[in-house]
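This note sets out a number of points for a colleague who is meeting the structure for the first time. Please read them alongside the sequence and the coordinates shown here.

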Amino acid sequence: MATLTTPQKLRDLQRALYQRAKKEPHFRFYALYDKVYRKDVLEHAYALAKANHGAPGPDGMTFEQVEENGRAELLEELHEELKAKRYKPGPVRRVHIPKLSGGERPLGIPNVRDRVVQTATKLVLEPIFEADFEGDSFGFRPKRDAHQALQAIEEALKQGMCWVLDADIEAYFDTIPHDRLMKAVAERIVDGAMLALIKAFLEAPVIDERDDGRPRRNRRGTPQGGVISPLLANVYLHLVDRNFKRKTEKGVLCGRLIRYADDLVVMTPHEPMRERDWLETILGRLGLKLHSEKTRQLDARKDDFVFLGHKLRWRYGSKLYLDVSARALEHIRGELRTRTRHFGQSLPETVAALNAYIRGARQYFRRVMRRRLAKLDRFVLERVARWWSRKHQHSAPAWSLVRGGALWTEHGLERWWTPWRARPVLAEPAR
C-alpha cells in the first residue's frame, strides 16, 4: 500500500483498536462497521488507493476520470451507500501475469469505488489482526518486508537450524475456502455488518477476459490484486503460525516457521519429518494442499534453496550468501531486454526506461553478492551497446558508447552495484 501520512484521528482509532486487541486476545469486536464509512476514513482510503496507480476494473473507470467527475461526489455516494447498507461490490476483472516460477498468476482488479471501500475496511481491520500475528510472519504487513524474512532465516541458521522444509502451498490465494476463512475472521470480529461486507468482497463476481466475459460467481479464494486480499490471506495462514507456535511450546515440534504470505520455510535442527507431516495435516484441515513437486526437505549445509526470488547458500557454519535465483534472473534480463528494444527512442529515453526498472529491482536484491550485481551492470552495458548499433544500423555493437563507464558518468544510467556508497551486501564466498 502506498505510504501517506495517516490523519491523527484515524491513527488514534487504529492505536485504540490495536491496544484493545493486544490487551485482550480473546475479545471479539462488535462495533466496527460504522468506522468504515466515516468520512475521514474514506478520504484517506481514497488517497491510498489512488497513490497505488492501479489499472481500471471492469467498469473502465480510472482515478483521473473520478477526479474529473468530482472526487467528493464519489466519497459522499460511498458514505451514504455504506451507512444505509446498500453498498454492493461490483465484479472483479481477472487478468493473468507471468510468474517467476513459470506459469501464470491470476490477478483480480476491482473497480475504483470498490478499491476505496476495501482500503477503508483494511484500515479498520488491520490493527486488530496485527495484534495477533506472529513475529516470523513478514508478508504484506506494516513495517515488514522480504529482507526481514531473509534475516530471520539467517538467524535460524546461526541458531543451528540447518534443516529446511521449503514448502509450497498449491494455488493458495485461489483455493482458500470462504466459509473457513470467515470463521477465522469471526474469531475476532462479531460485527454482523462488517462480516457481511467482507463476505461480499470474497463473493464478488469475476470477469475473466479469457472466458466469454460474463461475470461468474467466485466460490473460493481471495483474488490477488484486491486491496484486502493480502490481509485476509494472512488471517487464514495465521492459524498455521499459531498452531506451530503451540506445538513448539509443547515440544511436539521444533524450529521456526518463517513466512512471507504463502511462501514459507520451516527451519529445524533435525530432518523435518514430523514438521512436514504436521504441515500436511493442518493444511488439509484448512482445505489447502502442499505442492508435492515443489516442496522439499534439505540440509542447508549441503544444498542451496530459493526463497522470495533469492538463492540462499549457507557455508562454513556461519556465512549466508545471497544470489538472485535462476528464474528471477531470467525475469530481470527479460525486463532489461524489453527496455532496450525500442529503436525509435532517444538515448535519454532509453536510459530513463532502464533506470525506472533498475532502481526498484536493485532495492529488492540489494543484499545479493557484489559479483552478481556487477554482472548485471555488464549485461546492461552490452544491451545498450547493441541497441545503439541496431538503432543506427551498424553491424557491430557500439562499445565506444559504454567504454569507461560513460553511460554511468555522462548519461546518468543507474548501476546495479554502486561501489561509492555503503550498501548492506553480504560477503562473497572464497574462491
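Predicted model: local features only at pLDDT ≥ 70, side-chain atom pairs only at ≥ 80, totals over all residues.

1. With a relative accessible area of 74%, Gln 393 is exposed, since the cut-off for that class is over 50%. The residue belongs to the loop between α15 and α16 (399-402). Most residues other than glycine have a negative phi.

2. Ala 261, which is not a glycine either, has a positive phi near 55 degrees. The residue is placed in the loop between β5 and β6 (263-268). Is Ala 261 buried or exposed? Its relative accessibility is 7%, and Ala 261 therefore counts as buried.

3. The next points concern charged pairs. Across the whole structure, a search finds 30 salt bridges. In one of them, the side chains of Arg 141 and Glu 130 meet with a distance of 2.9 Å from N to O. Arg 141 is in the loop between α6 (112-130) and α7 (146-158), while Glu 130 is in helix α6, so this pair ties together parts that are 11 residues apart in sequence. Both Arg 141 and Glu 130 are buried.

4. The loop between α6 and α7 also holds Asp 136, whereas Arg 256 lies in strand β5 (residues 256-260), so a pairing of these two ties together parts that are 120 residues apart in sequence. The pairing is a salt bridge between the side chains of Arg 256 and Asp 136, at 2.8 Å from N to O. Arg 256 is buried at a relative accessible area of 14%, and Asp 136 is buried at 18%.

5. Which residue forms a salt bridge with Glu 382? The partner is Arg 386, and the closest N and O atoms are 3.1 Å apart. The two residues are 4 residues apart in helix α15 (residues 370-391), so about one helical turn separates Glu 382 from Arg 386. Glu 382 is partly exposed, with a relative accessible area of 33%; Arg 386 is partly exposed as well, with 37%.

6. Salt bridges may also join into a network. Glu 77, Glu 81 and Arg 113 are linked in this way.

7. Helix α15 also packs against another helix. Helix α13 (residues 326-338) and α15 have their axes 10 Å apart and pack at an angle of about 25 degrees. The two helices are therefore roughly parallel to each other, and α13 passes α15 in a right-handed crossing. On the α13 side, Leu 329, Ile 332, Arg 333, Leu 336 and Arg 337 take part; they meet Arg 372, Leu 376, Phe 379, Val 380 and Arg 383 in α15. By class, this contact has 6 nonpolar, no polar and 4 charged residues.

8. The last point turns to a strand. Ile 207 is found in strand β4 (residues 206-208) and, at 17% relative accessibility, counts as buried. Ile 207 and Val 92 are 115 residues apart in sequence, yet their C-alpha atoms are 6.0 Å apart in space. Apart from neighbours within four places in sequence, Ile 207 is in contact with Pro 58, with Pro 91, Val 92, Arg 93 and Arg 94, and with Gly 213, Arg 214 and Pro 215.

Conventions
Residues numbered from 1 in each chain as written. Heavy atoms only, no water. Salt bridge = Lys/Arg side-chain N within 4 Å of Asp/Glu carboxyl O. Buried < 20%, exposed > 50% of the residue type's maximum accessible area, 1.4 Å probe, protein only. Contact = heavy atoms within 4.5 Å. Axes fitted to C-alpha atoms, helices over the stretch in contact; angles between N-to-C directions. Parallel < 35°, antiparallel > 145°, perpendicular 65-115°, else oblique. Left-handed = near helix turned anticlockwise from the far one by under 90°. Nonpolar A, V, L, I, M, F, W, Y, C, P; charged D, E, K, R; others polar.
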